[in-house]
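I opened a structure that was new to me and kept notes as I went. The entries follow the order in which I looked things up.

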Amino acid sequence: MYARRRRTYFVMMGTCIGLFVLAWGVVRLWSVPAAVGMCVVAMVIPPLAAMAANRRGPEDRWWDDPSGDPQSDEWWDELDGKKRPR
């Protein structure tokens with residue numbers, strides 16, 4: 001999942017940079033309002049890319065990461081059925 005989120009982030013950011021460069025390198029020669037519109041769209045993409053890259057998927061197991069407290073981790077493992085009580 002990490003690779004897919006990373007690829008999505010880079011595609012979105014590449015689109016953002018591409019829109020910006022095309023807007024002021026090419027499109028502004030024919031239509032300044034269209035170039036400004038492209039920049040507005042490019043402005044919205046980075047926050048969306050950050051949200052997509054940092055989103056946890058349903059198959060990401062973030063809740064079973066160890067907390068660092070051995071007693072607490074052992075207790076949670078017992079509740080989850082990972083270890084049988086002795």
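**Entry 1: Overall fold**

I counted the elements and found three helices and zero strands in the protein. I noted that this is a predicted model. Reading from the N terminus, I wrote the order down as α-α-α.

Next I looked up burial. The protein has 86 residues, and 17% of them count as buried. I then checked the accessible surface, which comes to about 7000 Å². Carbon and sulfur atoms hold 63% of that surface.

I also looked at contacts between residues at least 6 apart in sequence. Of these, 51% join residues at least 24 apart.

**Entry 2: Helix α1**

I turned to α1 and counted 24 residues. From first C-alpha to last, α1 reaches 34 Å. That is close to the 34 Å expected at 1.5 Å a residue.

Which residues of α1 are buried? I listed R5, M13, C16, L19 and A23. I then looked for what covers them, and the cover includes α2.

**Entry 3: The core**

Which residues make up the largest nonpolar core? I found eight: C16, L19, A23, A35, M38, C39, A42 and I45. Two elements give two or more residues each to this core, namely α1 (2–25) and α2 (32–54). The largest share, five residues, comes from α2. I noticed that C16, L19 and A23 were already on my list of buried residues in α1.

I picked C39 from the core for another look. Leaving out residues up to four places away in sequence, C39 touches F20, A23 and W24. A23 is itself a member of the core.

**Entry 4: The nonpolar patch**

Which element gives the largest share of the patch? It is α2, with seven residues.

**Entry 5: M51**

Is M51 buried or exposed? Its relative accessible area is 54%, so M51 counts as exposed, the cut-off for exposed being over 50%.

Note on methods. Residues numbered from 1 in each chain as written. Predicted model: local features only at pLDDT ≥ 70, side-chain atom pairs only at ≥ 80, totals over all residues. Heavy atoms only, no water. Core = buried A, V, L, I, M, F, W, Y, C linked by side-chain atoms within 4.5 Å. Buried < 20%, exposed > 50% of the residue type's maximum accessible area, 1.4 Å probe, protein only. Helix = DSSP H or I, 4+ residues; strand = E, 2+ residues; numbered from the N terminus. Contact = heavy atoms within 4.5 Å. Areas by Shrake-Rupley, 256 points an atom, 1.4 Å probe, with all protein chains shown as cover. Expected span 1.5 Å × (residues − 1).
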